Amino acid sequence: MNDRREHKAAHDDQRDWITGLATGKAARLRLEHAVLPGAMLLIGLAGFRNVNVSHGRDGGDRALADVGERIRRFLRVIEGRPPFAARTGGAEFLIALDAAASAPLVARQLVAELHRPVEIEGSAIHLSPRIGIAEKHDAEDGAAYMRRARMALEEAMRADTRTIVQSEAGRLDEAMMDETLGRHMRHALDRGEIAILFQPQFALHDGRMTGAEALARWQHPEFGTLGGEALFAAAARSDFVLALSRHIQERAIDLAASWGGALQDLRLSINVTAQDLASPDMADRLLGYLADHGFRKDCLTVEITESALIDDLEAAGQQFGRLRAEGLRIALDDFGTGYSSLAYLSALPLDYLKLDKRMTGELQGSERDRIVVRAIIAMAKALGLEVIAEGIESEGQRDLIAHEGCDYWQGFLRAGALEADAFREFALAANR
């Protein structure tokens, strides 16, 4: 596989060097210049990053080659002209169908075909295919068509039980909204329109307020109030994630530096993205923000979401190690929502594990659900991590997480996300 990688540059840019399917470039050209297909299937492999972590990049390439061969074999049995198929990047594939009516059936058959395990170095690797379907709309160009297919795939990747999601007519407007947001975002940052909010965090053993997580909100004149998830979704489609993330980080540190006095020991938690970690100067940049604004290093927690797709765990671990050596703390956020949990727990130097609100809710579910959450908390404790529970909305939930051994919590039971001035007033009253 290394020999193939070395010859990648010499390979026809219309043919993917790993799978033999068409390339993403060829797919884009087809959508720009050919008659648009009746339906488009965009296929993603949930949790594929774990293959690279466990078996190296060569193992990942072998898995992709296997998937490409399965797609080719499958498409040979479809009657009529063979559909166009491409690997559009990473573990994502595109199939263009002439007949829109056949798309749901083709998608179901493909899920079954791709769900069979892949053999790598004697191990059976189970991939988890997800498919987004978009049907052609009149007066729609190829780029908008592709956006709708990608939004359907992203919804399928987030879903707990649905492996196939079909784009609805209204999704064109949603795609256009994201495109508009992306264009407006740069000006919003320049004008300071994206506000920083703080959600308080509390200790379970004595109820005291210990700190806050910084969140973002944009009051858009056309689309109304947009929270962090919508912001970063729009930023991702306009290649603006890094600029948005850095803006939020520095602005949060600047605001927290004014707490002082009775609030000087409160911790601030800020989020970093996979794009931040891919930047080799991330640690230096964050330390620079702290120095510039006068915020204590030992009061800052850096959170990385468990669903972030980190390409180089070793490099990420080194950056986090540098920050910990300077007195910062590291948290793994939204635990229980992604597919890289165990790899991240073993590879990254962590101080906290944050249970996603869905995991917290499972403590009130079935006995099997409770067993799973208890096991996660016990594993975190065995690794020397403190556990923070998110999304606490009732005293019953708070009592349950205290009984199970969590250390801190945040949620609407005591406070949602507050603007800077309101947070300061709340914090002063909470810790009197």
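Modeller: Let's start with D254 and R251, whose side chains meet in a salt bridge, 3.2 Å from N to O. Keep in mind that this is a predicted model. Both residues sit in helix α8 (residues 241-256), 3 residues apart, so about one helical turn separates them. D254 is partly exposed, at 30% relative accessibility, and R251 is partly exposed too, at 36%.

Now look at K297 and E326, where the N to O distance of the salt bridge is 2.7 Å. This pair links distant parts of the chain, 29 residues apart. K297 is in the loop between α10 (282-293) and β13 (300-305), while E326 is in the loop between α11 (313-325) and β14 (329-335). K297 has a relative accessible area of 34%, so it counts as partly exposed; E326 is partly exposed as well, at 29%.

There's also a group to look for: E213, E303, D333, K354 and E390 are joined into one network by salt bridges that share partners.

Next, find E419 and R217, which form a salt bridge at 2.6 Å, N to O. E419 belongs to strand β18 (residues 418-419) and R217 to strand β10 (residues 209-220), so their contact ties together parts 202 residues apart in sequence. E419 is partly exposed, with a relative accessible area of 45%, and R217 is partly exposed at 28%.

As for the whole model, the count comes to 26 salt bridges, taking a Lys or Arg side-chain nitrogen within 4 Å of an Asp or Glu carboxyl oxygen as the rule.

Key
Residues are numbered from 1 along each chain as its sequence is written. This is a predicted model: local features need pLDDT of at least 70, side-chain atom pairs count only at pLDDT 80 or more; totals for chains, interfaces and linings use all residues. Side-chain values use heavy atoms; hydrogens and water are left out. Helices (H or I, at least four residues) and strands (E, at least two) are DSSP runs, numbered from the N terminus. Buried means under 20% relative accessible area, exposed over 50%, partly exposed in between (1.4 Å probe, protein chains only).
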